[in-house]
Amino acid sequence: MIKIEICCGTACYLLGAANMMNIEEELPAEWRSKVEVEAKTCLELCERENLGGAPYVRINDTEIMSQATPEKLLTRIGELIEGAQ
Amino acid sequence: MLNGSTFIRRELMIRIVRAFDSGSLETELDRIPIKLRPKNEASSRCCIYHDRAILKYRLMALLGISVEEETDETKPLSAYYAEKAWEASGMAAKPDTPLSVCGPACSGCPDARVVSTQNCRGCFARPCVYNCPKKAIDVVDGHSVIDQKLCIKCGKCIAACPYNAIVKTTVPCEEACPVGAIKKNEFGVAAIDFEKCIFCGKCFNACPFAAVMERSQLIDVLAAMKRGEKLVAMVAPAAEKQFPGKIEQLLSACAKAGFSDVMEVALGAEMTTAHETAEFIERMEKDPKTFMTTSCCPAWVNLVSKHLPDLVHHVSLTPSPMVYAREIVKAKDPDAKTVFIGPCVAKRSEARRKDVDYVLSFEELGAILAGRKIDVIACEPWPVPRPANPTARNYARSCGVTDAVLVEATNKIPGFKLDSKQINGIDRKTCTMVKLHASGKIPVNFLEVMACPGGCQNGPCSLVK
């Protein structure tokens, strides 16, 4: 199971996370059982890392994606699914 | 939709709030442009120095200062900040013009033209030549050439060419402006004619170089909060779905951010509906052949007063939801200061006329929430005395006002009929439509006009469109 945590803290929301709210619907049908998407309150990455890196997404608890977009996220999910096969 | 210019605007707002709260804004202001564009890193324009210069102007606009009125180029932002002395004065800086154009950011786009590109194959059929109503196209050396003196930019050749070889270049701000208020000045950069401008904000959204900036009251609001003033957040109905969570959670978030009280402007919209319906019925009784148009969209009201003087007496005299909301706040506490929070540029001009103390955009409210680490979805719903009427909450959508008036009128007079039309977004075409309604060529008795397509929910400063 691939765990995707989208930061919905207000900073990330303003800086692009609003565009990722529907990411679950954009997943290809065959991926849906393999991916778990969760909207989180502030992950505090915009302060620890930097504000210009928002919006942040955390993948499988450890990997941090900065300046995340739906396209970037879908590509990365694809890589992880292919890598697991 | 987010793009490079909205991103940088919002990032700067959040940085300003954070620096203000940590007490370092005065020193930080001059550092922000350099921190955002450090040496040896990529630039968005020709070089980091141009980027930094424009960031400085962007910060000026965020301090509420008109970029055009800059007289001393050597003056650092910290000096502007110290000069305005927000924290001591208690005076709200109310910009007389809510928009400002930053000359150095303007790309000075070449005038709109229809031109033939390299894609032209100099074909045999030459549909461009045959379809041009002005005989402006010739084929020279196997390539179509458009005589700019004859071309009227009708676009017939563009549609006719099978190779998509003919394109129209545009000046986005001029193209977007419904009233011809933005044009290049003697230096070749865009300038707004404020005598004509209706503050619809279309140029603000259209400019790909983000040269049109809003003059913000963000710092004024932060400083007033710090002075301990009672500021009441009046949240526009367009707030629905702008932030994650419910509108009641957004009200709680505002209270947490430092507003002394919060309310939905939709409660004011209920009063607008009641008064506007009564006014409409009265007008129709006096003269069944006349028509009335709505008064809640400030860009529309500006359009009528500046460009359509014949229509002035058709505009409803009923105050807008914001004005009624202010009355509700002042009746409860005459000392409270009012802050309208919405998606609109033109509301800033209306607020100035109608004694609303401050206006924040959803972006600016978002920056305050982000700076103070308040997540709307983590907030408990605000205990509203009662939720506003659904028709009032619907004011932010096109047809919303018409529906509200129709429901209200039908309750009073069963079988009441409204011959209504909606102008869903002001542009050059719809300006002509309005004139047709005014002259009686297209009959109507209730004309709703919204400057933004789809209504306020798609306003120039909305977060989600």
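Predicted model: local features only at pLDDT ≥ 70, side-chain atom pairs only at ≥ 80, totals over all residues.
Strands E3 (residues 137-140) and E4 (residues 143-146) of chain B pair in the antiparallel sense, over four bridges.

Now the domains. The assignment for chain B gives domain 1 as 4-104 + 180-215, domain 2 as 113-169 and domain 3 as 222-458. Between the centres of domain 1 and domain 2 of chain B, taken over C-alpha atoms, there are 41 Å.

Next, the contact between the chains. On the chain B side 20 residues are involved, in contact with 14 residues of chain A. Which elements give two or more residues to the side of chain B that touches chain A? They are helix H1 (4-21) and helix H16 (362-371) of chain B. By class, that side has 13 nonpolar residues, six charged and one polar.

I will stay with H16(B) for the rest. This helix is mostly covered, with ten of its ten residues buried. The buried residues include B:Phe362, B:Leu365, B:Ile368 and B:Leu369, but also B:Glu363 and B:Glu364. What do the buried residues of H16(B) pack against? In chain A, the partner is helix H1 (10-14). In chain B, the partners are H1, helix H10 (218-226), helix H11 (247-257), strand E12 (337-342) and strand E13 (358-361). After H16(B) comes B:Lys373, which has a positive phi, near 55 degrees.

Notes: Residues numbered from 1 in each chain as written. Chains lettered and ligands numbered in written order. Domains from an automatic or database assignment. Contact = placed C-beta atoms within 7 Å. Nonpolar A, V, L, I, M, F, W, Y, C, P; charged D, E, K, R; others polar. Buried ≥ 20, exposed ≤ 12 C-beta atoms within 10 Å, placed from the backbone. Pairing = 2+ DSSP bridges.
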